[in-house]
Amino acid sequence: MKQSRQAGGERQIRFTHASRRESAGPSAPFSGQANEPGPDCPLCPRLKDFRDANRAQHPHWFNAPVPSFGPVDAQLLIVGLAPGLQGANRTGRPFTGDFAGDLLYGTLTDLGFAEGVFEARPDDSLRLIDCRITNAVRCVPPQNKPLPVEIKTCRTFMQAAVEEMPRLRAIVMLGRVSHDTTLKMLGLRAADAPFKHGAEHQAGAIRLFDSYHCSRYNTNTGVLTPQMFRAVFARVRDYLG
Ligand code: SF4
């Protein structure tokens with residue numbers, strides 16, 4: 001994905017499909033449908049090994065790249081970091097099964113971006129409204145810490161998720177890793193859009209919103225309060241109308 005400057009100085013995002021792969025199969029990177037990685041995506045050897053170990057230890061868990069959640073015609077995309085080991089990696093839905101989902105889905109429901117009852121399992125009645133969620137890295141990393149090369153490699157799938165959203169107008173980036181990889185995907189310089197909770201940036205027709213990640217660590221330490229988190233999504237709601 002690249003940016004160019006138009007006559008009026010406005011940045012225009014141009015999507016390129018050079019990295020898109022059409023292959024499919026058990027170990028193909030793409031699943032062949034909906035631009036999602038295949039269940040055995042082999043592109044990050046360390047994460048593949050971790051996936052295999054988790055499959056052996058917990059055969060009833062999801063243990064695969066976690067797909068994006070929510071309608072592709074949404075105006076809002078939320079970009080998280082990576083699946084939690086006993087959260088999305090276990091249940092197969094982003095922010096489902098660990099603490100971060102309680103705050104995220106409660107906030108989204110309060111502001112009209114979700115409806116139904118969040119019960120921390122993928123077959124609950126929760127439904128996203130005009131909102132979609134993806135992760136910067138689709139596979140669970142050891143200690144919840146993806147390597148830079150893994151973030152870069154999986155950016156292919158984040159780009160694919162963005163490209164298939166024709167009405168996209170806003171992206172909420174949860175945490176610095178999400179912020180940095182989203183900027184790179186959009187061709188923005190970090191110096192032009194420094195990370196700060198509550199900051200907003202413009203990338204062509206897309207408004208970017210920064211937030212601290214809604215992890216238990218951030219909320220337990222007071223780095224992020226529910227009020228601070230809600231304020232970001234209230235701004236998004238105002239922006240989208
Ligand atoms: S993190 Fe992304 S690129 Fe890496 S193995 Fe998983 S799905 Fe493939």
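This is a predicted model: local features need pLDDT of at least 70, side-chain atom pairs count only at pLDDT 80 or more; totals for chains, interfaces and linings use all residues.
Helix H4 spans residues 148-163, and helix H5 spans residues 176-186. The two pack with their axes 10 Å apart. The angle between them is about 70°. Angles of 65 to 115 degrees count as roughly perpendicular, so H4 and H5 are roughly perpendicular to each other. The crossing of H4 past H5 is right-handed.

On the H4 side, the contact is made by Ile 151, Arg 155, Met 158, Gln 159 and Val 162. These residues meet Val 177, Thr 181, Lys 184 and Met 185 of H5. Sorted by class, the contact comprises five nonpolar, two polar and two charged residues.

The sheet is open and contains five strands. Their order is S6-S3-S7-S9-S8, with mixed pairing. The edges are held by strand S6 (131-135) and strand S8 (200-203). Each edge strand has a single partner, so one side of each is left without a neighbour in the sheet. From one strand to the next, the twist averages 25°.

Within this sheet, strand S7 (residues 170-174) and strand S9 (residues 206-211) run parallel. Five bridges join S7 to S9. Ile 171 stands opposite Leu 208 of S9.

Helix H5 also packs on the sheet. H5 touches strand S3 (76-80), together with S7, S8 and S9. The direction of H5 makes about 140° with that of S7.

Notes. Residues are numbered from 1 along each chain as its sequence is written. Axes are lines fitted to C-alpha atoms, for helices over the stretch in contact, and angles run from 0 to 180 degrees between N-to-C directions. Helices (H or I, at least four residues) and strands (E, at least two) are DSSP runs, numbered from the N terminus. Angles under 35 degrees count as roughly parallel, over 145 as roughly antiparallel, 65 to 115 as roughly perpendicular and the rest as oblique. A crossing is left-handed if the near helix is turned anticlockwise from the far one by less than a right angle, and right-handed if clockwise. Two residues are in contact if their C-beta atoms, placed from the backbone, lie within 7 Å. Ala, Val, Leu, Ile, Met, Phe, Trp, Tyr, Cys and Pro count as nonpolar, Asp, Glu, Lys and Arg as charged, and the others, Gly among them, as polar. Two strands pair if DSSP finds at least two bridges between them.
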